[in-house]
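Hello,

Here is the structure I promised to pass on.

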Amino acid sequence: MKHKMNKVGRNDPCPCGSGLKYKRCCLGKKEDAVEDIKAVYAQKYKIRLKDSKDIEGIRKAGRLVLETLDLVEATIRPGITTEKIDRLVHEFTIKNNAIPAPLNYRGFPKSVCTSVNEVICHGVPGNRELNGGDIINVDVTPILNGYFADASKTFFVGNPGKDARKIVRVSRESLRIGMSMVRPGNTIGDIGWAIENYANSQGCSVVRDFVGHGVGFEFHEPPQIPHFGRRGEGIVLIPGMVFTIEPMINLGKKDLYILEDNWTAVTKDGSLSAQFEQTVLVTSSGFESLTPFDL
């Protein structure tokens, strides 16, 4: 289903954050208005909008993300260790003149996150062997020519069971629904509201402890993008914003705990968890994924 991308209405709040209606503020203004909005978002929200040069840099990094995920998908099979996936990603990233952003980030010891079954996110690669019927999320973020792009997919290992198929389907659709809410004039709350409503309707839960984030110049930038929320609340989306949407969906309850490695987050009830993630640009008429793959 295609979603109509609406522009900011004359009577809507102005995206610049002035508190005035759009028709009484930036409607009709051009270059000066763009600079004013950039300044407002930088000062008020610490959000750095991306220009055409920045977007192309992130897009190129995004293409490397997709190539890496394709390589991982072709390699995943029962018996492979998560350490081997890490080495594969690390070597492919370096070969393409990029840097794996996770490596040594706040002490993270590996170049990629590998989250298996009940692991929600930040799984540390090691000697764990994948078994037939497992699911695994692989989260890839390279730095290419100074620009970051971030995406992840959850893969089946061998033949998946009924629960595995369900959680992967729901998490994939959660991302698609969240992305469909991205357009100028909508808010960050609209994204989370849409994801949470859908996931709950499927009998699943949305993780609240981890959220999406701005990306491009740094690994993590403002704003935060919760995958839950209220419609119409939060920062108004405007062209030039780049951020990830990465809903973590649990088959059971949303509660989690962190393992002794201080990184690996797992479901408290042991239920399966899955995630899909893309880096999204807000455009003048809607959005563009800078890490596009089919949903």
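Let me start with a helix pair: α4 passes α5 in a right-handed crossing, where right-handed means that the near helix is turned clockwise from the far one by less than a right angle. Helices here are DSSP runs (H or I, at least four residues; strands are E, at least two), numbered from the N terminus. On the α4 side the contact (heavy atoms within 4.5 Å) is made by R169, V170, E173, S174, I177 and G178, and α5 brings I191, A194, I195, Y198 and A199. Seven of these residues are nonpolar, two polar and two charged, with Ala, Val, Leu, Ile, Met, Phe, Trp, Tyr, Cys and Pro counted as nonpolar, Asp, Glu, Lys and Arg as charged, and the others, Gly among them, as polar.

This is a predicted model, with local features needing pLDDT of at least 70 and side-chain atom pairs pLDDT 80 or more, while totals for chains, interfaces and linings use all residues. Residues are numbered from 1 along each chain as its sequence is written, and side-chain values use heavy atoms, without hydrogens and water.

I also looked for cavities (on a 1 Å grid over the protein atoms alone, sets of points where a 1.4 Å probe fits but cannot get out; lining residues have an atom within 4 Å of a point). The largest one is lined by residues including S115, T154 and Q275, and its lining has five nonpolar, five polar and no charged residues. β3 (119–121), β4 (135–140) and β15 (273–275) each supply at least two of its lining residues. For the second largest cavity, β10 (221–225) gives the most, three residues, and the lining includes R48, K50 and E221.

Best wishes

Note on methods: On a 1 Å grid over the protein atoms alone, a cavity is a set of points where a 1.4 Å probe fits but cannot get out, and a pocket is an open set with protein on both sides within 12 Å along at least five of seven lines; lining residues have an atom within 4 Å of a point.
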